[in-house]
Protein chains: 2
Amino acid sequence: MVRASFLRISCILFTLFFLFAISLYPLKRPKFQDPSGCAPWCSSKNRISSKLGSILETKTSAPQHPLDPLTIQEINQVRAILSYYEPFASSFPAIYSLSLDEPDKDQVLSWRKGDPLPPRKALVIALLNARTHILTVDLELGRVISDIVNSGSGYPTLSIQDDISTAVQVALANAEFNKSLIQRGISTSDLVCITPSAGWFGPDEENRRVIKVQCCVSEGTPNFYMRPIEGLTATVDIDNKEVVKISNTGRDIPIPKGTNTDYRFTAQNRPPEMEPINPISIEQPKGPSFRVEDGHIVKWANWEFHLKADQRAGLVISRAMVRDSESGELRSVMYKGFASELYVPYMDPDENWYFKTYMDAGEFGLGATAMALVPLNDCPRYSYYMDGIFVASDGQPFVQPSIICLFERYAGDISWRHSEGPIFGFEIREARPKVTLVARMAASVGNYDYIFDWEFQTDGLIRIKVGLSGMLMVKGSPYYNIYKVPNPEEMSGPMVSENVIGVVHDHFVTFHLDMDIDGANNSFVEVNLVKKQTSKGESPRKSYLKAKRKVAKTEKDAQIKLKLYDPSEFHVINPSRRSRLGNPAGYKVVPGGNAASLLDHDDPPQLRSAFTNNQIWVTAYDRSEQWAGGLLVYQSRGDDTLAVWSERDRPIDNKDIVLWYTVGFHHIPCQEDFPVMPTVTSSFDLKPVNFFESNPILRAPPTFQKDLPFCQSIPS
Amino acid sequence: MVRASFLRISCILFTLFFLFAISLYPLKRPKFQDPSGCAPWCSSKNRISSKLGSILETKTSAPQHPLDPLTIQEINQVRAILSYYEPFASSFPAIYSLSLDEPDKDQVLSWRKGDPLPPRKALVIALLNARTHILTVDLELGRVISDIVNSGSGYPTLSIQDDISTAVQVALANAEFNKSLIQRGISTSDLVCITPSAGWFGPDEENRRVIKVQCCVSEGTPNFYMRPIEGLTATVDIDNKEVVKISNTGRDIPIPKGTNTDYRFTAQNRPPEMEPINPISIEQPKGPSFRVEDGHIVKWANWEFHLKADQRAGLVISRAMVRDSESGELRSVMYKGFASELYVPYMDPDENWYFKTYMDAGEFGLGATAMALVPLNDCPRYSYYMDGIFVASDGQPFVQPSIICLFERYAGDISWRHSEGPIFGFEIREARPKVTLVARMAASVGNYDYIFDWEFQTDGLIRIKVGLSGMLMVKGSPYYNIYKVPNPEEMSGPMVSENVIGVVHDHFVTFHLDMDIDGANNSFVEVNLVKKQTSKGESPRKSYLKAKRKVAKTEKDAQIKLKLYDPSEFHVINPSRRSRLGNPAGYKVVPGGNAASLLDHDDPPQLRSAFTNNQIWVTAYDRSEQWAGGLLVYQSRGDDTLAVWSERDRPIDNKDIVLWYTVGFHHIPCQEDFPVMPTVTSSFDLKPVNFFESNPILRAPPTFQKDLPFCQSIPS
């Protein structure tokens with residue numbers, strides 16, 4: 001459809017296009033790594049080889065848990081209900097989202113295995129005649145029970161069938177756009193067009209759905225991202241199927257060469273300049289210790305949680321519970337955690353760049369852009385893979401296979417240790433290896449790859465890690481190297497290859513963390529370290545720090561900017577649950593390396609992404625407030641963001657509250673990022689603080705020699 | 001000697017005491033993990049089983065490299081030279097340090113394997129008649145070539161034979177101190193005395209070497225740290241062997257019970273409340289890929305460096321070089337890197353606590369307090385272990401076995417990845433597993449354990465990680481739980497067990513990073529991200545960021561406090577070495593989570609630890625400036641710190657420069673830290689930036705199924 005025959009143009013559509021192809025795939029057997037031979041764990045319940053069975057079960061059987069995603073059958077049922085829905089009788093709308101409308105929290109919390117599920121409902125976002133419908137479909141009643149037409153700003157997540165292909169077709173059908181391509185002497189056989197989102201920048205492009213179209217050249221390389229046709233952008237009105245504007249400022253900028261940009265292993269013609277690394281593997285002679293029950297319930301060591309893939313959020317953890325180290329009680333830690341939005345502003349005011357201020361979750365979808373993980377390379381051996389069941393814009397379900405992996409990690413790290421000298425009978429060498437459980441997804445949002453890890457530790461800590469890899473978004477430059485650039489300071493980023501600028505940009509990933517520490521009603525406590533001066537004669541010391549606890553009463557009390565020189569710990573506690581000593585049970589959010597958005601608060605992209613104006617927020621729980629940039633993000637004007645909700649200043653003390661944390665990165669590219677970037681990571685932790693009565697892994701056993709596997713190279 | 005018979009008192013001396021016992025150990029075979037059977041790599045050069053040979057070689061043979069530590073023979077030779085040295089003829093001094101006086105940099109840099117070594121010299125710190133001698137001994141000339149008596153402040157690192165045992169003996173021989181113990185009804189058979197350093201707090205304890213003595217009870221537990229005898233401190237003049245002062249304010253504070261404080265595996269009487277974790281191991285069917293040549297030269301993948309243990313600094317990395325990904329040239333990255341000082345101020349102005357402001361490297365020694373790592377638990381299988389050869393206070397050498405381990409890590413992480421959609425012939429799933437090399441040491445400085453990891457990545461990145469585990473330093477409280485505390489806000493930390501307060505404290509680890517990017521002459525560049533406003537009509541965007549490079553001309557330009565809202569990258573570059581595009585070759589320091597010291601700059605402990613007043617400093621290279629708190633730290637007054645050197649404001653542009661980075665932690669304890677703390681880590685990275693022409697691991701191969709080992713549980 002996009003391969004317009006008159007031009008033989010191939011167009012890849014920024015991040016969503018492949019969905020179409022995937023949606024055509026049959027429900028095929030996923031690739032599955034089985035070590036040769038059958039170790040004892042092959043026959044255990046959590047064996048890797050059970051995967052195929054469980055996936056087919058997921059695809060075909062009924063949901064097992066109130067939070068299970070809609071099944072293929074349920075999606076088909078919703079589509080059928082919509083097709084009979086009166087307002088859509090004459091014309092079926094384009095479906096932009098169709099997913100489980102999760103039951104109310106109390107229904108989920110009171111549900112026990114064996115109980116009938118709460119009524120299954122779907123939340124549908126559909127577009128018909130340029131109107132966005134937000135519908136609730138009750139599958140039991142078999143009808144639409146709510147239909148709200150959006151009256152605010154913003155449009156649904158872009159879709160390939162109805163939006164992106166249209167945009168590219170419209171641009172390529174435009175004579176001026178074509179002429180510009182021809183004038184550049186571009187061989188159209190290798191043209192690849194991408195579709196950056198348009199953002200929102202005031203009246204000019206308001207009240208109509210517009211998108212940008214830019215093209216690259218894939219001649220000689222699959223890494224077309226490194227061969228931009230700089231300074232040529234079509235702005236397309238998707239609904240009216242017309243080119244609104246063409247910007248053509250880059251006529252004098254050559255298309256960078258494709259030399260050395262192909263990153264595929266099969267394209268490498270010599271080994272790297274290093275001694276080879278011998279094979280290395282995480283081995284588990286008795287198999288992994290986790291199991292996945294009913295398709296989504298993960299049980300491992302002292303943890304239990306619900307794991308699923310979501311088309312927009314990507315990887316979703318729900319009902320995370322950890323076992324009390326004294327009583328064995330399974331205690332609630334987090335009701336739901338996921339990446340709510342991902343904001344990526346590029347730092348170039350140029351006509352062809354200013355709008356590159358992506359909101360990848362709401363504009364493209366983190367699950368939608370996640371592709372099958374590569375066994376042994378994206379995830380270690382013994383990983384368990386989980387599929388996503390998503391919905392195309394015609395309402396048809398499709399399977400995105402193996403987009404989540406789950407594995408046990410041993411990295412040679414130490415859980416705790418202490419050595420004591422040999423005198424006095426205390427010659428002690430105690431150490432415990434750290435083994436963790438990781439749930440991973442990698443979203444390839446066009447050029448960039450985002451790796452999301454949720455790592456669970458037996459000491460109760462959850463580490464949430466974001467890794468960035470993939471390709472830079474680069475800018476063509478008329479200059480071959482920096483010696484030729486008249487004023488290098490004026491470039492919007494460093495040169496990373498000949499005629500290629502790596503434009504400076506930021507990444508912000510905002511996590512929705514609905515903490516429920518031992519129940520829904522929690523409080524947010526800022527434990528501020530304050531410098532105190534000693535009074536004269538009090539002490540030889542002049543100063544010391546004191547921890548001052550401040551309970552946040554309302555949302556505005558919990559708008560937090562991290563400060564190195566005014567530090568705090570940030571606790572979510574249950575004021576009703578006290579340890580035997582009287583300390584409230586809690587978890588703290590522990591920031592790692594971070595970066596803040598520095599853009600003007602009234603700059604349009606920052607208005608829309610105002611959720612990055614603080615690193616931490618706490619809001620009163622409202623089931624509709626899931627998406628930090630709003631439900632309808634595309635071209636939104638910032639009227640439905642976390643920042644807006646927080647300004648309502650609702651009470652949050654001893655209430656059901658949601659913690660929001662943003663991980664940020666400033667990225668000044670360098671040559672090492674070309675043609676594909678070594679992974680950069682940052683993380684933060686959710687760490688128990690007086691949640692347990694004492695170190696919960698005190699009694700964990702060490703590793704003994706007898707437990708280790710006996711390994712050989714496979715005979716050749 | 002300390003086991004005073006009249007009291008049957010066992011005294012463990014804070015962190016150094018065990019040295020004595022270790023020093024009595026014969027040069028015994030280190031424990032060595034060999035998997036049953038002999039895999040093919042057994043016969044390869046870097047096989048683990050070669051370890052014993054290499055260690056004995058280190059102990060007995062001549063040094064192989066200019067930076068190799070002094071051998072046992074050389075130490076014996078130095079001792080002999082000192083014994084004939086005229087000023088020591090009548091009385092041999094106490095030896096507080098005896099280690100290699102490293103040759104000048106140019107001698108090391110011009111040395112090639114096969115060349116004769118530059119003259120071997122020793123740096124000796126000795127104390128005689130309360131005077132500190134700093135001596136240089138030339139082993140070739142066979143004489144002392146320099147002898148400087150310290151005229152500034154500060155004393156050498158504490159030593160067990162001459163200082164700490166004296167202090168405990170003096171305290172225990174004191175009638176008032178004894179009476180205080182008896183009044184508390186303490187059974188003396190289980191008394192353990194520790195010796196916190198005295199710090200420096202002005203004239204009262206000036207110009208004499210004093211130390212504090214406090215005791216704990218080990219009845220029923222080896223974890224005597226959790227059973228402090230609160231509020232009883234003897235201040236002892238070590239040289240005059242007299243008690244200067246006794247503080248006895250804690251008569252009403254009970255000694256906390258020992259229940260549930262024993263952390264030894266053998267003491268646990270029930271399993272943890274979790275499902276067992278199956279055995280898991282990093283396996284390498286063909287053995288590890290690194291090798292250690294000549295006892296200290298580590299070669300792995302594209303890295304080569306010199307690794308050794310130092311009694312004060314712990315783990316030292318020298319001459320770190322990485323292979324150029326284009327030319328294969330071995331290029332210099334760092335001349336020397338190590339933990340220069342470790343500052344731990346506790347936040348309690350109480351008479352028995354104010355002085356707890358440790359400087360662990362200079363006061364106790366990070367190598368001196370490192371004990372043998374526990375195979376399979378501190379370090380994974382296939383680790384290579386390295387010993388330290390240290391010197392006791394009588395000048396005798398001794399071996400601290402297996403205090404460094406070196407291993408290859410595969411943690412299931414991704415080096416780089418990209419997925420591309422299936423349309424247009426670009427169905428791409430490329431991912432590369434991340435395999436790294438880790439050098440590790442764990443110092444048990446009394447209660448606390450510090451795990452130091454230097455992790456080398458094939459993409460050129462070095463991650464330096466500090467992990468904290470071991471025991472809290474706790475304070476006895478009259479109160480059983482917080483309900484009984486009249487004013488909980490007044491406590492100096494949270495209650496972590498009955499009658500036990502975990503006192504709030506900080507940790508700061510300052511690293512000396514002598515970066516030599518492609519040679520000694522480097523510059524420090526702050527790449528500041530500055531917000532720019534667009535002018536009217538320039539762009540629909542109002543703001544964007546611009547990277548502004550500023551080369552530091554002098555040391556004061558490079559006194560850096562990290563700022564979230566005024567962010568920079570921090571590059572060490574070689575201005576003479578440019579990439580093909582013209583970018584200078586460099587490495588940047590990338591902070592992770594961090595904390596700053598907030599104490600008054602004129603507070604005595606902060607004066608001494610003024611090196612923590614900034615997170616980053618850059619100084620002109622001076623071979624004498626190795627120790628951030630000064631060469632003689634004990635009771636120093638801050639006259640020889642990094643802060644003092646930096647104030648000289650020497651030129652640093654295109655000079656031989658040293659980068660200093662401080663990793664900080666604020667620690668507000670919690671119940672989970674009792675009775676032993678789950679490891680908390682923080683790290684920072686040294687990351688190539690335009691050092692390579694492009695991604696140096698582009699051509700790295702993926703892992704294939706055929707490379708994986710075939711593993712089984714060992715037949716029972």
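How many residue pairs are in polar contact across the interface of chain B and chain A?

1. The rule finds 110 such residue pairs across this interface, both residues at pLDDT 80 or more, where a polar contact is a pair of N or O atoms within 3.5 Å, and within protein one must be able to donate a hydrogen and the other to accept it, while residues adjacent in sequence count only if both atoms are side-chain atoms.

2. This is a predicted model, in which local features need pLDDT of at least 70 and side-chain atom pairs count only at pLDDT 80 or more, whereas totals for chains, interfaces and linings use all residues. Residues are numbered from 1 along each chain as its sequence is written, and side-chain values use heavy atoms, with hydrogens and water left out.

3. Contact (heavy atoms within 4.5 Å) links 212 residues of chain B with 212 residues of chain A. The two chains bury about 18800 Å² between them, 57% of it on carbon and sulfur atoms; buried area is the accessible area (1.4 Å probe) that two parts lose on being put together, summed over both. On the side of chain B, the residues that lose the most area to chain A are B:Ile280, B:Arg541 and B:Arg699, together 5% of what that side buries.

4. Across the interface there are 22 salt bridges by the rule, namely a side-chain nitrogen of Lys or Arg within 4 Å of a carboxyl oxygen of Asp or Glu. One of them joins the side chains of B:Glu498 and A:Arg580, at 2.7 Å from N to O.

Note on methods:
Chains are lettered from A and ligands numbered from 1 in the order in which they are written.
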